[in-house]
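User: I'd like to learn how to read helix packing and chain contacts in a model. Can you walk me through it?

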There are 2 protein chains.
Amino acid sequence: VTHMFAPGNNELSVQEGEILTVTNQNVGGGWVEARNSRGNVGLVFDNSQYSYFMNKINFINAHPIFSHRFPGFSKTPNPEVYLLTKSVAKGNDKLPIYAGEVGPVWLYPQIQLDCVVADPKKGSKMYGLKSYIEYQITPNTTNRPVNHRYKHFDWLYERLVEKFACALPIPCLPDKQVTGRFEEEFIKMRMERLQGWMSRMCRHPVISNSEVLQLFLNYRDEKEWKLGKRKAEKDEFVGVKIFSTIDPELPELDPGQVEQKYEMYSQFTRSMDNSVKELLAVGHLHWKRCTGPLQKEYRQIGKAFQNLSSVFNTSAYPTLSATGKTYEEIAELVAGQPKKDLHFLMETNNEYKGLLGCFPDTIAVHKAAIDKVKEADHLVTMNKISQQDKHIMEKNLSTMSYALQAEMNHFHSNRIYDYNRLMQFYLEEQVKFYETIAEKLKKALGQYTTM
Amino acid sequence: VTHMFAPGNNELSVQEGEILTVTNQNVGGGWVEARNSRGNVGLVFDNSQYSYFMNKINFINAHPIFSHRFPGFSKTPNPEVYLLTKSVAKGNDKLPIYAGEVGPVWLYPQIQLDCVVADPKKGSKMYGLKSYIEYQITPNTTNRPVNHRYKHFDWLYERLVEKFACALPIPCLPDKQVTGRFEEEFIKMRMERLQGWMSRMCRHPVISNSEVLQLFLNYRDEKEWKLGKRKAEKDEFVGVKIFSTIDPELPELDPGQVEQKYEMYSQFTRSMDNSVKELLAVGHLHWKRCTGPLQKEYRQIGKAFQNLSSVFNTSAYPTLSATGKTYEEIAELVAGQPKKDLHFLMETNNEYKGLLGCFPDTIAVHKAAIDKVKEADHLVTMNKISQQDKHIMEKNLSTMSYALQAEMNHFHSNRIYDYNRLMQFYLEEQVKFYETIAEKLKKALGQYTTM
């Protein structure tokens with residue numbers, strides 16, 4: 001079940017099969033104003049694919065929430081429009097897929113794109129009435145910084161979803177928090193997360209090469225930015241049409257092979273999603289335990305030793321007092337540790353939770369295509385499509401499968417790299433943590449004399 | 001408020017000033033049967049001191065409980081009978097006090113007495129109808145083992161309380177548990193605690209030298225044991241009379257000096273009692289946390305890593321699984337640690353809680369004596385006592401103070417030794433614990449390859 005939320009929460013609840021009349025196409029942000037059969041007017045999400053299958057839309061009743069959510073797909077975009085497409089994009093628009101060591105892979109650039117998100121600055125508009133935070137983004141290609149506000153990231157995100165989300169998981173941006181937007185801690189955290197999001201986009205061989213990301217990172221002045229924005233918003237190769245730009249230089253797969261791959265990836269992403277959520281849940285619990293009851297308890301142990309030592313002070317017992325202070329220090333180490341190691345573990349797993357949350361939608365498009373091709377034989381007998389059409393559909397399904405395989409192989413290589421780095425970092429910090437405690441206790445022990 | 005409990009809970013509630021008629025002196029265990037003015041018959045605690053001041057007894061209503069409790073004093077034994085005593089015990093009965101480095105000290109034996117409590121064996125009586133546990137006690141002096149049941153320890157405890165509790169803290173025996181008496185864990189724990197109790201009694205210079213302890217450790221046959229028991233139960237130098245056997249070879253203290261010492265010890269024992277209880281409370285909490293939520297949490301962390309690793313297994317990721325197993329091992333280390341170190345900390349502090357619980361009674365006898373001597377001037381003017389009597393009272397108060405000082409110095413030297421040993425042991429185990437965890441994590445870390 002996917003939820004969708006219109007700006008201002010004046011979204012329209014619609015049922016499958018309902019007929020809507022568009023009353024205003026210029027709402028923006030992917031939304032249009034529409035009226036339903038009962039005369040209620042509200043916003044519904046617009047997508048070139050949706051307008052085509054408007055009679056089948058099946059929006060879910062939205063709950064009013066304030067955080068930014070991935071608009072996603074309220075219903076699987078229908079891949080039929082692509083499956084019957086004969087022409088393939090040419091030249092710069094072509095997205096080739098090669099046979100790599102691990103299987104089908106995207107074309108990776110010679111130098112991996114990356115960028116640094118830094119230097120958040122408070123800016124204002126309308127004579128100081130509206131204030132915002134502007135971040136400086138410096139790509140490794142030009143080494144020339146550009147400035148962007150959160151809403152620009154959001155615009156980029158929406159373009160990437162429109163263009164690629166049928167084939168690639170486009171993870172959500174970090175939450176748009178309304179209150180306390182200018183607190184230092186919050187700005188630092190958001191910047192860290194925008195950095196993570198941008199790096200992931202830059203590391204993606206398809207996304208990194210896209211005109212919209214290049215515009216975001218390289219625009220030279222306001223004019224270039226405005227023109228580029230307008231162009232990106234008019235891009236026709238969005239939704240399932242993205243598949244018509246994909247060109248696998250590999251032998252065609254039969255539908256059986258395609259379904260097998262689909263089953264495997266579907267199973268894998270679901271399992272990993274569960275495991276990541278489990279790890280996040282226990283990590284959250286552990287964080288709360290370390291900064292709450294455990295810190296309190298070690299402080300109490302420290303205090304108890306010190307109180308006993310102060311009773312003993314009549315006959316001088318400074319060693320016990322030092323032991324007490326050591327346990328108070330351990331309390332602070334225990335409470336401070338999650339920020340040092342668990343934080344990174346949580347952030348990385350949160351990123352993966354975001355990525356994995358996109359796969360069900362991406363995979364659903366794929367499944368819909370498999371089902372369409374399964375129907376093809378029947379449609380041929382019914383004379384609804386020609387034998388030729390069926391072959392085109394199978395070839396296009398093979399292309400979709402290669403796109404999914406290339407994307408999964410990209411995901412796997414990132415995953416192996418990310419989790420390897422994460423676990424090494426986490427364990428290194430954990431070793432340091434326990435060694436520091438052991439060292440402190442050893443020092444406390446050293447103050448006692450053997451009797 | 002001190003509670004007293006008669007066997008079978010048929011104790012008699014009595015008020016201050018009430019006159020009781022003793023109806024049966026042979027109830028045993030320090031109790032006599034008596035009738036009050038309203039004709040109610042029940043048990044009251046008998047003590048040579050109490051019968052003397054029977055018109056002042058002030059028993060507290062007892063609540064029915066089943067565990068063994070220190071009978072103690074329901075009212076402070078009146079030291080008057082001793083304060084006016086002129087004669088001092090001679091020869092073997094004499095308890096000398098010397099000027100030691102730390103102040104007045106008991107006469108310590110050349111070789112410290114100790115014993116080993118071991119080899120608990122199940123025995124039975126009445127054709128197997130009654131079963132019990134017999135422990136083997138081997139003193140270091142004879143190296144010849146004797147056998148005793150818990151009830152014999154209890155008899156010894158009662159004799160020691162009768163004889164010494166006005167001057168020395170006699171800690172309670174470990175709880176007499178009724179259910180599950182023969183469970184292995186319980187027997188082991190009780191033996192450990194009986195060992196602690198016996199060692200403390202053996203280490204005491206006055207108690208170790210007493211006829212009753214010597215009988216307990218050295219009796220050769222049933223006949224010697226029975227005869228010795230009868231003799232001990234008839235001992236006249238019990239209660240406050242113990243002070244008349246004390247012979248400090250030190251200059252007499254004036255009542256002002258006595259009161260100053262009293263204030264100091266009173267304050268110290270109360271403070272230490274509070275600190276020990278605080279440490280026990282936080283230790284108990286920490287124990288529960290380690291064997292409860294913390295173990296569970298580390299297990300969950302371990303499981304979460306392993307589950308994620310099993311998802312990754314399609315592309316082989318045994319290192320993460322090993323990390324998960326490491327956290328499961330850490331869970332067991334965390335849960336098992338309290339038994340290794342906190343146990344000893346809790347046991348030692350529980351012993352001290354027991355000892356400190358005796359001091360209020362011991363100190364109250366002392367305070368009553370101070371108050372009596374303060375009254376002496378008034379009594380002299382009223383011609384109730386002679387100037388000579390007053391001097392005897394002051395000299396005897398000085399003797400009581402030396403006894404308290406010698407006992408406190410003994411307590412302090414034990415305390416320093418015990419807590420030094422305890423803290424060293426505790427910290428050594430804690431260092432090992434954290435080092436073991438760090439070592440395990442290092443090993444888990446070593447399985448990852450740098451990318």
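Analyst: Here is a short tour of helix pairs and the contact between chains. This is a predicted model: local features need pLDDT of at least 70, side-chain atom pairs count only at pLDDT 80 or more, and totals for chains, interfaces and linings use all residues. Side-chain values use heavy atoms, with hydrogens and water left out.

User: How do I read two packed helices, say helix 4 and helix 5 of chain A? At what angle do their axes cross?

Analyst: Two packed helices are described by the angle between their axes and the distance between the axes. Here the axes of helix 4 (residues 184-203) and helix 5 (residues 211-218) of chain A come within 11 Å and cross at roughly 130 degrees. Axes are lines fitted to C-alpha atoms, for helices over the stretch in contact, and angles run from 0 to 180 degrees between N-to-C directions. Helices (H or I, at least four residues) are DSSP runs, numbered from the N terminus.

User: Which residues of helix 4 and helix 5 of chain A make the contact?

Analyst: Contact means heavy atoms within 4.5 Å. A:Met198, A:Met201 and A:Cys202 of helix 4 touch A:Leu213, A:Phe216 and A:Leu217 of helix 5.

User: And how many salt bridges are there between chain A and chain B?

Analyst: A salt bridge is a side-chain nitrogen of Lys or Arg within 4 Å of a carboxyl oxygen of Asp or Glu. The count between chain A and chain B is four. B:Arg289 and A:Glu297 form a salt bridge at 2.6 Å, N to O. Overall, 55 residues of chain A are in contact with 55 residues of chain B.

Methods. Residues numbered from 1 in each chain as written. Chains lettered and ligands numbered in written order.
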